[in-house]
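Here's a two-chain model to look over together.

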Amino acid sequence: MKRASPYLYAFFFSLILGGSAYLASDQWIVALGVLALSFVASSLLFVPSLLRHLQEERVRHECYQFVNSFLITLSVCQSLDHSYEVAISGIQGEFKDLTAKITHMRVDERIEYLKDYFRLEIYAMFVSILRLYIDRGGDVLNLASELLNELTRIEETGRYLSGKKRRNAVQFVLMWTMALLVMCFVRFGLNSFFDSIKTSRTFLLGITVFYGFLLIAFYIYLRVYTRPLLVARKEDSSHGKPA
Amino acid sequence: MASLRKNMEAVGCSFKKEILLYLLIAFLFLGAGAALWYFRGADVLLLVPTAGLVVFSFFYFSRYSTIRKARLAQLNDEFVTLFTFFGIYINDGFNVYNALEAIQAYASFSFRAHLGWLLKEIEEDKSVRPYVNFAEKMESLQIKEVMISIYQMVDEGGGGAYIQQFRHLFGALSDQRHEEQREKRMSSLETLAILPLAGSAVAMVVLALSIVEIMGGIMSVL
């Protein structure tokens, strides 16, 4: 089944905000303003940063799986080709497409090439260790033991945080839903006042401030939520062969 | 005042320039307040420039220590990442000097400068001093212990026992940093739970002000 476009989620988010703004103010102009502003904010800021974050998380997890299974298989069978095949078995999506495109390369070249996909310092370190293993030989599991330990620590931290963060995000959205309900309460709860209030400039200005604050709050939350766990590889880094 | 000056200088700001800029902006707030007083008298609107000046002063003077703490945390995080790589190089048979040289390729610009300075000092001074000087930049006792264990590796000829000591100390430091990172991430997200509460407060204030305005209108008609 084809997945819905992320911009469709942005549209639904804007529709909910615009709809609630109409419920709260009974003014089309306010509702349309909120809808337009929230659609622009969510499609230009929220959705791209969330997609980038999901991509980073997926790549981090793929990097852990790939390096871990490659090194363990290599320590057992001592064959780069077989280890690579085992490491890429079961991969999906963009990573699978990429590995399918580089089948004409030698295995060490393919692993080197994947640096541009993973774009992580820890992967660059893995490549450096592998070069050392190819040049000098030895026990690859011993050479890479520190790297595997650190990768496991990072993966554990990532798993721990992804579960906790998801729960926290649900709470955040629920609390804002409550705040939206408070805003809409006046329409139904204070029905007798509403006809007088809805034309008040203070009320309309207050509603605008409220929705502006909501969008800023979501932006701040997403900035913290999407902070990357791993250091991305610096473009100017020269990860040459160790001396 | 001395600690403020120290914080400003630590983040690379000039004390005189910062105070001058603060006074300039503070005069703008005071000017706005004076203009309001002149045109509207003792009005409730005077609260706006007053509150603005208080909030501005708070953020202006607290940002130096915030920036300093953030940079220090970044330096400590990078230390853990880079010295993981250092451990890998040592494990792969590099000596301390070569391993420190090799990890420079993975360092950020500022950290690379610190490492470069460390390597230069190591060449000139064979004592523990360069390692301690380097650790003092991170302001962490655990990092100091790790650096001393690295010095011991050099001083005692890089025997297995000192590598084990380094691994043990560094493993504990890395575990602690990961734990701290988890806690820090979650606590910053939990702190943001204040935002929907503030949103509810804004909604309540808007409703209260609108109702008071309507009630005022009704009372004045009566």
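What follows is a run of questions and answers on this predicted model.

Q: How do you know how confident the predictor is in chain A?
A: Go by pLDDT, which runs from 0 to 100. Chain A averages 85, and 93% of its residues score at least 70. The stretch to watch is 236-243 of chain A, where the pLDDT is below 50. Beyond near neighbours in sequence, that stretch still has 15 contacts in the model.

Q: What makes up chain A, helices or strands?
A: Helices: there are 11 of them and 0 strands. Reading along the sequence, you get α-α-α-α-α-α-α-α-α-α-α.

Q: Why is chain A called more spread out than a compact globule?
A: Set its radius of gyration against the globule rule. For 243 residues the rule gives 18 Å, and chain A comes in at 25 Å, well over that, so the chain is more spread out than a compact globule. The C-alpha trace of chain A spans about 85 × 35 × 30 Å along its principal axes.

Q: How does the radius of gyration of chain B sit against that of a compact globule?
A: For 222 residues, a compact globule would have a radius near 17 Å, but chain B has 27 Å. Its C-alpha trace spans about 95 × 40 × 25 Å along the principal axes. As for what it's built from, chain B has 9 helices and 0 strands.

Q: Why is α2(A) called roughly parallel to α11(A)?
A: It comes down to the angle. The two helices pack at about 5°, with their axes 10 Å apart. Angles under 35 degrees count as roughly parallel, so α2(A) and α11(A) get that label.

Q: Which residues make the contact between α2(A) and α11(A)?
A: On the α2(A) side they include V30(A), V34(A), L37(A), L45(A) and F46(A). Facing them from α11(A) are, among others, L204(A), I207(A), Y211(A), F218(A) and L222(A). By class, the residues of this contact split into 14 nonpolar, 3 polar and no charged.

Q: What is the handedness of the crossing of α2(A) and α9(A), left or right?
A: The crossing is left-handed. The axes of α2(A), residues 28-77, and α9(A) come within 10 Å and cross at roughly 145°. The contact draws on E57(A), R60(A), H61(A), Y64(A), V67(A), N68(A) and L71(A) of α2(A). From α9(A) come L148(A), L151(A), E155(A), G158(A) and S162(A). Sorted by class, that's 5 nonpolar, 4 polar and 3 charged residues.

Q: How do you know which classes of residue the contact of α3(B) with α4(B) holds?
A: Check who meets whom. L82(B), F85(B), F86(B), Y89(B) and I90(B) in α3(B) meet A99(B), L100(B), A102(B) and I103(B) in α4(B). Ala, Leu, Ile, Phe and Tyr count as nonpolar, so the tally is 9 nonpolar, no polar and no charged.

Q: How many residues of chain A are in contact with chain B?
A: 50 residues of chain A are in contact with 39 residues of chain B. To count, two residues need C-beta atoms within 7 Å.

Q: Which element gives the largest share of the chain A side?
A: That's α9(A), with 20 residues. The elements of chain A that give two or more residues are α7, α9, α10 and α11. By class, the chain A side has 31 nonpolar, 12 polar and 7 charged residues.

Notes:
Residues are numbered from 1 along each chain as its sequence is written. Chains are lettered from A and ligands numbered from 1 in the order in which they are written. This is a predicted model: local features need pLDDT of at least 70, side-chain atom pairs count only at pLDDT 80 or more; totals for chains, interfaces and linings use all residues. Helices (H or I, at least four residues) and strands (E, at least two) are DSSP runs, numbered from the N terminus. The radius of gyration is taken over C-alpha atoms; the globule rule is 2.2 Å times the number of residues to the power 0.38. Axes are lines fitted to C-alpha atoms, for helices over the stretch in contact, and angles run from 0 to 180 degrees between N-to-C directions. A crossing is left-handed if the near helix is turned anticlockwise from the far one by less than a right angle, and right-handed if clockwise. Angles under 35 degrees count as roughly parallel, over 145 as roughly antiparallel, 65 to 115 as roughly perpendicular and the rest as oblique.
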